Every structure is written in C-alpha cells, then in structure tokens.
Amino acid sequence: HPHRRLQVCRACHRRLTQAAKLYRGDLLAGFSLDSYPFEEWLLMEREHLHRQAMDVFYQLAAYHERRGAFDLAQYYARRQVELEPWREEAHQQLMRALAWSGQRSAALVQYNTCRQILATELGLAPASATERLREQIQAEALTPPTQPPHNLPAQLVPFIGRQAELEQIIKKLNHPDCRLLTLAGPGGVGKTRLALEVVRELLGTFRDGVYFVPLTAVHSPDALTAAVIQAVGLNARPGGTLQNQLENYLRKKEVLLVLDNLEHLSSGSALIVDMLRCAADVRILTTSQKRLDLPGEWLFDVTALDYPDDGAPIAGEGYGAVQFFVESARRRQPDFSLTATNQPHIVRICQLVGGIPLALELAASWLRAYSCQEIAQEVQRDLDFLRSTSPGMPARHHSVRATFRHAWTLLTTEEQRVLQHLSVFHGDFSREAALHVAAASPQTLAALVDKSM
C-alpha cells in the first residue's frame with residue numbers, strides 16, 4: 001500500500017509482526033509425495049517463503065533497533081540466527097541490541113559464536129564490519145541510535161478513545177502524496193489533543209524531527225514565520241528575510257510541523273505553500289476550525305465523541321463520550337465509577353453537550369459540588385453553567401459560550417446572519433429548507449460547513 005517508506009510505516013510493521021508470528025518453519029516439513037513435479041514445487045516454495053520470512057525478521061529487528069526497543073530487536077535477530085546460523089547480518093543486529101541493552105559480555109560472546117559458525121560452516125572469517133563492531137563493543141564506544149528531536153509538550157491528561165481516528169490520520173500522513181493535512185472541527189472537539197497524540201506516535205519517523213507550533217497568540221504572517229523559526233530551533237541572523245532563512249533551513253530537512261489553531265491566520269497561507277514548495281520532505285499537520293483551501297490540502301473532520309442516542313441500549317464506557325466523562329471525573333474523585341444509578345445522568349450530559357470533550361470536561365469539574373443528576377439538570381437549564389476559571393486553560397476554553405464566541409468572530413456578517421436564522425431548526429435540515437427559511441445561498445452554507453459551524 002502507499003507509504004513514504006517501509007521503515008517508518010506503522011501499518012506495514014503491524015502486518016509484518018503478524019506474519020512473523022505465523023511463520024513456524026519450512027512449508028509442509030516432513031511431508032513428501034512420490035512425485036518429482038510436486039517435490040520440485042515444494043522445494044521452490046519452501047525457499048521462497050523462507051527468504052520472505054528472513055527478510056521480515058531482518059526488517060522488524062532493524063525497526064525496533066531504530067526505536068530503541070532492544071529486547072524486540074534481539075528477539076527478531078535470534079529468529080534469523082535460528083533459521084540461518086551463518087547469517088552474519090543477524091549476528092550484527094544481535095550484538096548491537098545486546099550491547100545497547102547493557103549486556104556487553106553477552107554481545108562479545110555472540111561475536112565468538114558468529115566467528116565459530118562462519119569458520120565451521122563456510123570456512124570464512126567475520127567481515128570487517130563485524131570486526132569493527134566487536135572493537136566498538138570492547139571499547140564501550142558503540143553509540144546507540146539517536147532519536148530525532150521534538151518539542152512536543154508533556155500531556156497532563158491521558159488520551160481517551162479515538163483509536164480509529166488516530167490510525168486513519170497516521171495512515172494519511174504516511175501516504176507519499178499527503179504533504180498538508182488539516183484536522184478540521186468545531187472549538188472544543190479535541191483537535192489539538194488528537195494532533196499531539198498522532199505526532200507522538202510518529203516520533204522517530206521523521207529524520208530531522210517533529211515540531212509543535214502553537215498559534216493562539218500569533219496574529220500576522222511575520223509572527224507565524226517567527227513562531228515556526230522558534231519551534232524548529234533556528235537561530236535567525238541579521239540580513240535576509242526571516243522567511244528566506246526558514247525556507248533555506250528546511251530545504252534539505254525531513255520534518256513534520258504541527259501548526260495548531262490556524263483558523264484566524266488565513267494570511268499565513270502563503271508561508272505554508274512556500275514551505276511545502278521549497279522543501280520536498282516537509283509535511284505539515286494543522287488544526288483549524290475551518291479548511292485552509294490550499295493546493296494539495298488533505299482534510300480530516302474531527303467530530304465529537306460518540307454517545308448513546310435516546311432509546312438505544314446503554315453500553316456504559318463503550319461510548320467515547322461516557323468514557324471521557326468518567327475519566328475526567330476520576331481525576332477529581334479517585335473513587336468515582338460508572339454505576340447503574342449515575343449512568344443515565346452521565347448519558348444525558350453527553351447528549352446535552354453533543355459529545356464535545358471540552359463541554360464534558362467542564363461538566364465533570366462541577367462534581368466537587370454537584371451530583372451527576374444535578375449537573376445534567378443545570379446543563380439542560382442553562383448552558384452557561386459549563387464554565388471554568390482554570391488558569392491552565394486558554395480563555396476561549398473557559399466556557400462553552402467563549403468557545404462559540406471565538407468561532408463566531410471567524411464568520412462574515414452574512415454567515416452570522418444565516419447562522420442566526422438557521423438556529424430555528426432543531427436537528428438536521430435540507431438545503432431547500434435553509435434557502436426558504438434563512439435565505440441561505442449554497443455558497444454561504446458551504447462556507448459554514450467549511451468553518452465547522
């Protein structure tokens with residue numbers, strides 16, 4: 001399937017791992033027929049599958065070696081040695097994995113094993129690369145693989161749900177044609193948290209690093225350029241524009257840039273296009289309440305967490321919104337649990353806020369003074385109940401109203417007028433109904449969709 005390269009493709013390595021588990025040795029071992037054509041076919045098929053298996057084990061050992069998972073690297077190197085004791089590349093992988101795991105003596109013993117097998121089986125001495133590896137291990141000079149840099153902030157709360165979305169986004173970013181991917185969705189839906197989890201899973205797969213660029217306080221193209229320069233650690237020098245310096249720096253780099261909260265910076269589109277054009281190995285992941293509408297942009301709609309509908313059987317924590325609320329509650333009350341008593345009220349809260357993670361977090365913050373039933377009643381009575389003054393949250397996330405107000409400012413006067421009129425609909429509506437009731441043109445409706453409104 002299409003990917004940037006095999007060495008960094010998670011989907012491929014999951015399948016290779018499954019294939020490695022399924023391979024247990026020669027095809028039809030111990031079975032024979034008195035048929036020359038059959039025996040000829042069996043011999044060729046065994047050899048073909050054996051070569052495939054050896055390649056799989058080698059790829060997996062190298063993959064885990066790069067990621068610093070040296071126990072797994074040892075496992076797949078040993079599987080190669082078991083099948084082909086004279087395979088010198090596998091001995092080298094095993095020696096490195098042992099040495100980097102702190103087992104220097106075992107690594108040197110593995111060298112001796114390799115040397116004896118090569119002499120006995122093939123009448124050969126170890127290759128110069130193997131000898132250099134032994135010398136490095138003896139001198140304790142073998143440097144473990146370094147992980148590419150990143151500036152990702154540490155997360156204070158666990159990532160909950162969205163595993164399917166996580167895999168879909170990673171798959172898109174690994175597609176060779178996807179250079180610009182926008183996670184679009186309404187405020188408070190969890191775009192930033194999802195983006196951070198995506199790139200955390202991709203750490204080590206971009207040669208020159210992964211960089212997170214928060215843009216909430218950035219309001220001009222020049223400030224955007226400066227924010228990217230600061231994030232990637234470039235020391236700007238006098239002379240020449242900042243953009244030229246940034247583009248020259250990125251030209252030969254393989255990096256992933258995460259531009260977070262880009263919806264208010266439509267004037268920054270030119271910089272994004274220029275970076276992608278001048279640096280072929282740069283990829284950009286953005287979060288925004290609206291699509292950027294740039295050449296080559298891929299879109300992923302981030303929707304609210306799922307929750308039970310009215311009348312649907314309740315499966316408790318099987319729904320993302322319910323699970324999110326429960327985990328948020330446990331951070332405030334460690335003994336909190338989902339029970340038959342509070343479950344209907346938690347589901348009602350999820351329904352009232354439409355599964356929006358920010359609203360669920362704000363609702364759970366009231367558990368210090370309200371029961372789940374009382375929270376559901378207050379939310380139904382007045383949505384302004386969902387507010388917080390936590391200094392650790394951006395101002396636009398202090399309440400559901402503040403989040404909506406931020407999105408409202410991104411609309412044109414005509415879009416605001418149409419949205420006000422569309423509020424008479426409770427639930428879905430057709431284009432025809434929007435035209436008759438709100439005098440909404442198809443262009444304005446499309447703009448509201450593009451702006452997650």
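Helices here are DSSP runs of H or I with at least four residues, strands are runs of E with at least two, and both are numbered from the N terminus. By that definition Q59 sits in helix α2.

Before going on, the basis. This is a predicted model, in which local features need pLDDT of at least 70 and side-chain atom pairs count only at pLDDT 80 or more, while totals for chains, interfaces and linings use all residues. Residues are numbered from 1 along each chain as its sequence is written, and side-chain values use heavy atoms, with hydrogens and water left out.

Back to Q59. Is Q59 buried or exposed? Buried means under 20% relative accessible area, exposed means over 50%, and partly exposed is in between, with a 1.4 Å probe and protein chains only. Q59 has 16%, so Q59 is buried. Contact means heavy atoms within 4.5 Å. Beyond its neighbours within four places in sequence, Q59 contacts L6, H13 and L16.

Next, the rings. Rings of Phe, Tyr and Trp, the last by its six-membered ring, pair if their centres lie within 6.5 Å; planes under 30 degrees apart are stacked, over 60 edge-to-face, and the rest tilted. There are eleven aromatic pairs in the structure. One of them is F38 with W41, a tilted pair at 5.9 Å centre to centre and 35 degrees between the planes. Why are F38 and W41 about one helical turn apart? Because they are three residues apart in helix α2, residues 36–67. W41 is partly exposed, at 42% relative accessible area. W366 and F385 form a stacked pair, 4.6 Å centre to centre with 25 degrees between the planes. This pair links distant parts of the chain, 19 residues apart: W366 is in the loop between α14 (357–364) and α15 (372–381), and F385 is in the loop between α15 and α16 (400–408). Both W366 and F385 are buried. Ring pairs also join F31, F38 and W41 into a cluster.

Two arginines lie over ring faces. The criterion is NZ of Lys or CZ of Arg within 6 Å of the ring centre and within 35 degrees of the ring normal. R4 is over F206, 3.9 Å from the ring centre, and R134 is over Y111, at 5.2 Å.

Now the interior. A nonpolar core is a set of buried Ala, Val, Leu, Ile, Met, Phe, Trp, Tyr and Cys residues joined through side-chain atoms within 4.5 Å. The largest has 54 residues, and V198, L285, F325 and L360 have the most contacts inside it. Outside its sequence neighbours up to four places away, L360 touches several residues, among them L305, A321, F324 and F325. A second, separate core of 30 residues includes V232, L262, L292 and L294.

Helix α8, residues 191–201, is mostly covered, with eight of its eleven residues buried. Those buried include K191, R193, E197 and V198. What covers them includes α7 (163–173), β1 (180–184), β2 (210–214), β3 (256–260) and β4 (283–288). In the loop between β1 and α8 is G188, which is buried at 11% relative accessible area. Residues up to four places away aside, G188 touches I356, P357, L358, H397 and T403.

Last, backbone angles. L28 is not a glycine, but has a positive phi of about 50 degrees. N261, also not a glycine, has a positive phi of about 65 degrees. N261 lies in the loop between β3 and α11 (269–278) and is buried at 8% relative accessibility.
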